[in-house]
Amino acid sequence: MRLNRKQKLIAKCVGAVTGTLLTLGMGIASAEDYRLRAVSNANENDEDYDGLVVFKDFVEAQSNGAIEVDIFLGTQLCGNGTECMQALEDGSVDIYISTSGGVANMYPYVQVLDLPYILRSDRMAETVLRGDFTREMRDAILEDSNDQVRLMTIGNTGGWRNFANTQRTVRTPEDLEGLKIRTVVADLPQTLTSGLGASPTPIPWPELFTSLQTGVVEGSKNGITDIMSMKFPEAGLQYLTLDGHAYMAALWYMNNEVFMDMPEDLRRVVVDGFDALQQATFTSPKRKSIQAYRDFAEAGGEVYVPTPEEKEQFLQAATPAFDWFVENIEDGEMWLNLLRSEAEAADAIINESYERDLN
C-alpha cells in the first residue's frame, strides 16, 4: 500500500514518537503504517521463502505492527526477473529477490557473483557478503536505477553450483571433455562450461528432466537440493562432483522510495530484518542439503570431492570466464578485483580465527 503525502507525514510523526518511546524502554503497539509486498518467484520449499518468513516475523514484531509484510510466491504479481524488477521500480512491488542471472540484463556487473572459484567456502562467502562488497553493489544499483532500486542484502538460494552428469565420475576438467552440460542462455556460464571442455547446451529448466532422460543433455550445474527436488536421479543423473564453482547468491531488493520514506527507527527495523533474512538463507540450504545428499546416495548417486590439486586445475581451466567478464562488462576488471580483494580479506579473517581457535 502506497501512502499519500498526508499519511506519510503522519507515519513519520508516529515513527518518531515510537522511536523515542522505544529508546526509553517503554514501547507501544501501533496500527499498520506500512504494508510491504514481498515477491519471490519460488515456492514454499525454497530457501527464499524461509528467508521471507523470518523477515516478516521480525519486522512485524519489532515495529510493533507499524510494518506489515505480505508474501507473494510464484507469478502472482510478476512473472520473471525483468518484469518483477520493473514492478519494483514502479512501486507495485516493494521487495523482490533474484539470482544474478535474473537481473544481468539490467545490471550486468552483478554477474561477478557467478565467476567461478573465487568464493571457496560458505564461511568465506558469508563473510564477504556481510561486508562492503554488498554496500558497493548497492551504491552502483542505486545510481543505475536513478535511486529507485535498493539492494538490501545478498543471501543464498540453494547452496553451491556443482557439476553433475549421467555418464561418469568427474575428477578434473579433462573428465568433462565433450559432455553436453545444460546451461542457461547467457554468455558467462556458457563460456565457463566450454572453457572446462564440456559442450554448453541451453535448455529451459522445466525441460531438463526429459532432456537428461533422452540424452539431449548429459549433465547440469546445480545444487543438491535442486537436483533432488526435481528428482533428476530418476532421469539418470548419477555422478556429482563438488567442485563448488559458484555460490548461489540471492540478491534482495527493495523500492528505495518506500524504504527512505520510513522514519529512521523503522528503517533500522527493516535493515535488521534483512540481516535476519540473510542468516536464514545462509542456514537453510545447509540443513536441507543433509537429507538431499542422503536421498541422492540412496538413489544410487555418487559424490566426488576434488582434491586441492584437482580444484586448481578447474580454476586454471576457467580462465576464459574471467576474460569474458573483464572484456564484456563495463568496469568488469574493477568488480573482479573488488570481489577478489574482499575474498582475500575474508580469508585473512578466517585464518586469524584459526590461529586463535585451534591453539
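A nonpolar core here is a set of buried Ala, Val, Leu, Ile, Met, Phe, Trp, Tyr and Cys residues joined through side-chain atoms within 4.5 Å. Buried means under 20% relative accessible area, exposed means over 50%, and partly exposed is in between (1.4 Å probe, protein chains only). The largest nonpolar core has 59 residues, and F133, M137 and Y253 touch the most other members.

This is a predicted model, so a few ground rules apply: local features need pLDDT of at least 70, side-chain atom pairs count only at pLDDT 80 or more, and totals for chains, interfaces and linings use all residues. Residues are numbered from 1 along each chain as its sequence is written, and side-chain values use heavy atoms, with hydrogens and water left out.

**Overall build**

- The chain has 13 helices and nine strands; helices (H or I, at least four residues) and strands (E, at least two) are DSSP runs, numbered from the N terminus.
- Its radius of gyration is 22 Å, close to the 21 Å that the globule rule gives for 359 residues, so the chain is as compact as a globular protein of that length. The radius is taken over C-alpha atoms, and the rule is 2.2 Å times the number of residues to the power 0.38.
- Along the principal axes, the C-alpha trace spans about 65 × 50 × 40 Å.
- Buried residues account for 51% of the 359 residues.
- Take the contacts (heavy atoms within 4.5 Å) between residues at least 6 apart in sequence: 74% of them join residues at least 24 apart.

- In soluble globular proteins, nonpolar side chains tend to be buried together.
- For the 59-residue core, the top contributor is helix α13 (residues 332–357), with seven residues.
- Another core, of 23 residues, lies apart from it, and its members include L52, V258, V269 and L277.
- What does M137 touch, not counting residues up to four places away in sequence? The list is Y109, V110, V112, L113, L151, I154, L251 and W335.

**How α5 packs on α13**

- The axes of helix α5 (residues 132–144) and α13 come within 10 Å and cross at roughly 155°. That makes α5 roughly antiparallel to α13.
- For the bookkeeping, axes are lines fitted to C-alpha atoms, for helices over the stretch in contact, and angles run from 0 to 180 degrees between N-to-C directions. Angles under 35 degrees count as roughly parallel, over 145 as roughly antiparallel, 65 to 115 as roughly perpendicular and the rest as oblique.
- From α5, the residues D132, F133, E136, M137 and A140 meet W335, L338, L339 and E342 of α13.
- Sorted by type, the residues of this contact are six nonpolar, no polar and three charged. Ala, Val, Leu, Ile, Met, Phe, Trp, Tyr, Cys and Pro count as nonpolar, Asp, Glu, Lys and Arg as charged, and the others, Gly among them, as polar.

- N165 sits in strand β4 (residues 149–165). Is N165 buried or exposed? At 2% relative accessibility, it counts as buried.
- Setting aside neighbours within four places in sequence, N165 is in contact with V170, L179, E218, G219, G236, L237, Q238 and Y239.
- Helix α6 (residues 187–195) has L188, P189, T191, L192 and T193 buried. Their cover includes β5 (180–183), β6 (199–202), β7 (219–222), β8 (239–255) and α12 (319–328).
- Just after α6, G197 takes a positive phi of about 100°.

- Most residues other than glycine have a negative phi.
- Y117, not a glycine, has a positive phi of about 65°. Y117 lies in the loop between β3 (95–98) and α4 (122–129) and counts as buried at 11% relative accessibility.
- N146 has a positive phi near 55°. This residue is in the loop between α5 and β4 and counts as exposed at 65% relative accessibility.

**Two partly exposed helix residues**

- M260 belongs to helix α9 (residues 256–261) and is partly exposed, with a relative accessible area of 41%.
- Neighbours within four places in sequence aside, M260 is in contact with R150 and R267.
- M260 and D144 are 116 residues apart in sequence and 17 Å apart in space, C-alpha to C-alpha.
- A297 is in helix α10 (residues 264–298) and is partly exposed, at 48% relative accessible area.
- A297 and P263 are 34 residues apart along the chain, and their C-alpha atoms are separated by 52 Å.
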